[in-house]
Structures are given as structure tokens and as C-alpha cells.
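Q: I would like to learn how to read a model like this one. Can we take it step by step?

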Amino acid sequence: MDVQMKRGLLDVCVLAAIKDEASYGYRIIKDMKPYVDISESTLYPILRRLEAARFLTVQSAEHNGRLRKYYHITPLGLARIEAFREEWDELLSVYRFVTREDGKHE
Amino acid sequence: MNKQEFLAALSRKLNGLPEDDLQRSLDYYREMLADRTEEGLSEEEAVAALGSVEQIAAQILEANPGSRTKRRLSAWEIVLLILGAPLWLPLLIAAASIVLSAYIVIWSGVLVLYSLAVSLAATAFAGIVCALPLFCQGEVAVGLLYLGLGLIGAGLTAPAFWGCNCIAKGLVRLTGWVFRKLLRRESK
């Protein structure tokens, strides 16, 4: 798959992982595992990028005597997911058209 | 590799990164390792699962534009530097000498001011001392003139020295400030 496309897809995947409730790094990876395999080293730049673009915010919270960083999605992040959905609805229409069973084929 | 070794190695490879980016990266991986060990993995296993330090460092540095590891010169650059020395070294020395001379000139100015203060003191001394024999000789008017000038000199001496000290101290502080500014730019 195209590198840029994959990067964009992973970005929105991470956003989806924190869409319903704030999550932390390791759990994001685990939640994504059934669908997409992603390593810690891949996730880190994605989180930094999403934070810079204000799609998520970071808050530290205490867990078992240490500080853990929790990532919260922002309204901007939710809008990004929505935009993704629309893009892909359009893509699916195109796909259906391209692969339709052509009855009039010679 | 255990957790400490991993973080130390990563920190070394990320040398040159701005401080808070470095800390953030270390915090992230420290947290990842802590989460994994919490799940039951040993430190060694958790570190192994992260992959190579080189790769991780490369990814972080790649995502960080404009951060270059403190210029560790390549062999080629060192050779060029040495070969070019007959050119840039004399220029550097010349430039440094000019700056130094200018600095010395400024201080000579301060020295002139101090000599003015000293001459005021000398006037005071001479005026008062010479006034006495004049009075004895009966030359009261001239004696008073000398005494007057001497007293004026005496009065102005203290403020003059105080002024020179202020200027000198100010110059020293200015020098220090300039040096600090230069050093800070070097380390950036």
C-alpha cells in the first residue's frame, strides 16, 4: 500500500481507538491488534503528529504509583474521523462501480 | 538488555534532540516497558519486544525535522578542515586580534577617565599644599586661589573615582553578558 496512504490510515485508526474513551499507548496497540498491527515505535510519531495537529490532547494520570499518559480525542479529531468516513463512502461507491458485474460484456 | 540499559542507550542515540523531545520519547518508552512488565513480561522480554534501539532512535530523529545530532564531523570534513587551516586559521587569528584590540582601546578610554580622576586628586593635593607657604609669605590672594582650586579638586575627586568605578564595572558586566550570549549560541 502507498506509504502516504498507510500513514493517513494509521493516523485515523489511532483516533478511532481513542474515540469512545481516552486510552493509553499500550492499550491503543492492543485494541488495534485484531485489525491492524502496529508497533510502539510506529505509534509514537503518530501520537506526536496527532497532538501537533490538535486531533488529540495528552494528560498524565496516576496508575499503580507511576504516571501514565492518556490520550483524549478532540472535536477536531472526531471531525477527522467523520471526514475519513465520507471519503471512504465515496471510495466504496467508486469501487462498486469499478467491480460491478457487467451484464453487457461481450 | 534491561530497562535502564535500554533507556540509557536510547538517550545516547538521541543526543542532540531538544531536551523536552528527548524526555518525551524516554517517558513514552518507559511507560511502554512498564505496561508490558505489568502484564507479566520480564524486563528483558519487554525490551526485546520493542525492537532495536537503532531503529527506534532513527524513527524519532526522522520525525524531528531540524534536529541534527551534535555535529560529529565525518572523516572527510576533518580532512578538509585541516587542509584549509592555512587559510582560515590566519583569518580567524586576524579577526580575533581586531576584536581584542578594540576591546583594549575601550579599556584605555576607561584608563584615561581614571587618570583624569587622579589629576583631580593631584590638583587637590598640590593646591592645598602650595597654599600654605604662600600664606606664610603673605601672598594671601594667590594663596586663597590655590587653596580654592585645591578644595575644588578635592571635592571632585571622590565623585570622579566613583564615576570611573561605575563605568569600569559596567564594562566588565557588559563583557560578561556578551560572552554568555556567544556561548549560548555555540551550544544551540
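A: Start with the elements: helices (H or I, at least four residues) and strands (E, at least two) are DSSP runs, numbered from the N terminus. This is a predicted model, where local features need pLDDT of at least 70, side-chain atom pairs count only at pLDDT 80 or more, and totals for chains, interfaces and linings use all residues. Residues are numbered from 1 along each chain as its sequence is written, chains are lettered from A and ligands numbered from 1 in the order in which they are written, and side-chain values use heavy atoms, with hydrogens and water left out.

Q: In what order do the elements of chain A run from the N terminus on?
A: The order is α-β-α-α-β-β-α. That gives chain A 4 helices and 3 strands.

Q: What percentage of the residues of chain A count as buried?
A: Buried means under 20% relative accessible area, exposed over 50%, and partly exposed in between (1.4 Å probe, protein chains only). Of the 106 residues of chain A, 34% count as buried.

Q: How is the size of an interface given?
A: Often it is the accessible area lost when the parts come together. Here buried area is what two parts lose on being put together (1.4 Å probe), summed over both. Chains B and A bury about 1700 Å² between them, with 46% of it on carbon and sulfur atoms. On the chain B side, R24(B), Y28(B) and E31(B) lose the most area to chain A, together 32% of what that side buries.

Q: How many residues does each chain bring to the contact?
A: Contact means heavy atoms within 4.5 Å. Chain B gives 19 residues and chain A gives 21.

Q: How many salt bridges link chain B and chain A?
A: A salt bridge is a side-chain nitrogen of Lys or Arg within 4 Å of a carboxyl oxygen of Asp or Glu. The count between the two chains is 8. One of the pairs is E38(B) with R68(A), whose closest N and O atoms are 3.9 Å apart. As for elements, helix 2, helix 3 (43-50) and helix 4 (53-62) of chain B each supply at least two residues of the side that touches chain A. Helix 2 of chain B has the largest share, 12 residues.

Q: Where does E31(B) lie, and what is it in contact with?
A: E31(B) sits in helix 2 (residues 19-38) of chain B. Leaving aside neighbours within four places in sequence, E31(B) is in contact with Y24(A), G25(A), R66(A), L67(A), R68(A) and K69(A).

Q: What is the nearest side chain of opposite charge to E31(B)?
A: For charge, Lys and Arg count as positive and Asp and Glu as negative; His and the chain ends are not counted. The nearest opposite side chain is R68(A), 4.7 Å away. E31(B) is buried yet has no salt bridge.
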